[in-house]
Amino acid sequence: MLPLVLAAYTAPEERALITRLQQRDPQALAELYDRYGRLAYSLVLRIVRDSAIAEDLVQETFLRVWNRVHSIDSDKGAIGSWLLAIARNRALDYLRSSAGRERNAVKLDETDHAPLYGQMEAEILISDQARRVKAAMGKLAPNYRTVMELAYFEGLSQSEMSARLGQPLGTIKTWVRAALQSLRDELGAAVSP
Amino acid sequence: MNCDELRDHYDLYALGIAEEPERTEIRAHLDRGCEVCMAGVRDSLRVAALIGASAEQTQPSAQLRRRILASIGAEDQTVAPSTVQPRPGWLPGWAAALALAALAIIAVYFAVNSRQYAREAAQLRREAAQLREQATVLSEAGARLRGQLRDQTAEVARLTQALAIISGPRTAEASFGGGQPRPPQGKVFVNPARGVLFIASNLPRTAADRIYEMWLIPKGKGAKPIPAGLFQSQANGNALHIRPGTVDIASTAAIAVTLENRAGAAQPTSTPFIVAPLAATPR
């Protein structure tokens, strides 16, 4: 069951936290962990499915945020989505290297486009929206849900999904687009800028 | 490619599964600060972040917080030091004195050792943090190299695509800019099945908020030009731009280029400064 509270913080709080991180305040990292540690750990665990490895990867994630926090714009203030993107990339990189496969899907480099995350609303990860996504994922047709999970949680490209599921590439592309559209329809204003 | 053509690929890009050439095009738009694509990708990143947040919530071990703080050389201050509650005295006086003396010796022993342990632990934490920082630096160097490899792979794919257009059957060819002192000059190759290849030199440098846009000019008076992608010239004035896809050569009069605002335009906003009329029959 999804907990009621994930991470609901206002933009000013988030801005202040980013500023303190940029000023190298260790206590700010502790607070950042208190806000997003469980969220990041849950995501990484969902991907790697090993609690010890997940904790190592979450530790690397927070260290990377600490080392790269200057690339976030504290004026806009939203670090959670960026942190989750780093956590996901770390976990998918681990998954790829442990499986000894090249990842065909090209990851979105969260460092290159850090300002994009910084310009999101701090409230993007509040519990209600996450719960709606969870519900929306649950409502997807099984084949749509499968491709979304393979893309997001396993980092498979559409070609890799085609091979994994034994479906033509065109079919996979159709499913991916339809799944994304269904998610957006279900979420409505939750994902509107 | 213009922003309209990329719009449908923002979600795929945010998930990391966009394909070429759209991935490279979106990345290029973001790199040059294209407001349209930045807003679109930001919206898609919201969806991606929410999908990540929808994972079943699980609590990590209590040690993780401490480990993370230790990795930057900080203490976890939320753990309250254990306290020893005094107990009512019940030993005889001499035994209590003896016990107190023993405790004092033990306390001194542990105090000396604990300071030593604390120094060693702090040193280990500093070394661990340094090692992690080095690992991060190495990891980023690796990421940069992977990025360069990706860029080179994309460039090879682009040149392969260009070669396919040039060498394809039924490719029509046109030149522009010849015979003038130092104008933009170059060639256009149009293949009905593979698309349009535009190659130019001596292109003037554009202002920061401007970009070149290519157009297919249909035959017939009043026919509207068809957008065929945005591009920038290199620092030396050269440019190579491809608009993949089918082209009806019979109904296309010319390939043209205008200078537009960074997001591109649905229709030319100025007179084309390059026009390459297509020959009636392919070479």
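Student: What does pLDDT do over residues 79-89 of chain B?
Tutor: In this predicted model, pLDDT, the predictor's confidence in each residue from 0 to 100, stays under 50 over residues 79-89 of chain B. That stretch has 1 contact beyond four places in sequence. Two residues are in contact if their C-beta atoms, placed from the backbone, lie within 7 Å.

Student: Okay, and what should I do with low pLDDT?
Tutor: Where pLDDT is low, the predicted coordinates should not be read in detail.

Student: What does chain B average in pLDDT?
Tutor: Chain B averages 82, and 89% of the residues score at least 70.

Student: And chain A?
Tutor: Chain A averages a pLDDT of 79, with 73% of the residues scoring at least 70. Over residues 1-8 of chain A the pLDDT is below 50, and this stretch has 21 contacts in the model beyond near neighbours in sequence. Residues 189-193 of chain A are also below 50, with 10 such contacts.

Student: Switching topic: how do α3(A) and α5(B) cross?
Tutor: The axes of helix α3 (residues 51-68) of chain A and helix α5 (residues 63-71) of chain B come within 10 Å and cross at roughly 40°. Axes are lines fitted to C-alpha atoms, for helices over the stretch in contact, and angles run from 0 to 180 degrees between N-to-C directions. The two helices are therefore oblique to each other. Angles under 35 degrees count as roughly parallel, over 145 as roughly antiparallel, 65 to 115 as roughly perpendicular and the rest as oblique.

Student: Nice. Which residues meet there?
Tutor: From α3(A) come E55(A), V58(A), Q59(A), F62(A) and L63(A), and they meet L64(B), R67(B), I68(B) and S71(B) in α5(B).

Student: What does the predictor give the complex?
Tutor: An ipTM of 0.80 and a pTM of 0.54.

Student: Back to chain B, how many helices and strands?
Tutor: Chain B has 6 helices and 8 strands. Along the sequence, the pattern is α-α-α-α-α-α-β-β-β-β-β-β-β-β.

Technical notes
Residues numbered from 1 in each chain as written. Chains lettered and ligands numbered in written order. Predicted model: local features only at pLDDT ≥ 70, side-chain atom pairs only at ≥ 80, totals over all residues. Helix = DSSP H or I, 4+ residues; strand = E, 2+ residues; numbered from the N terminus.
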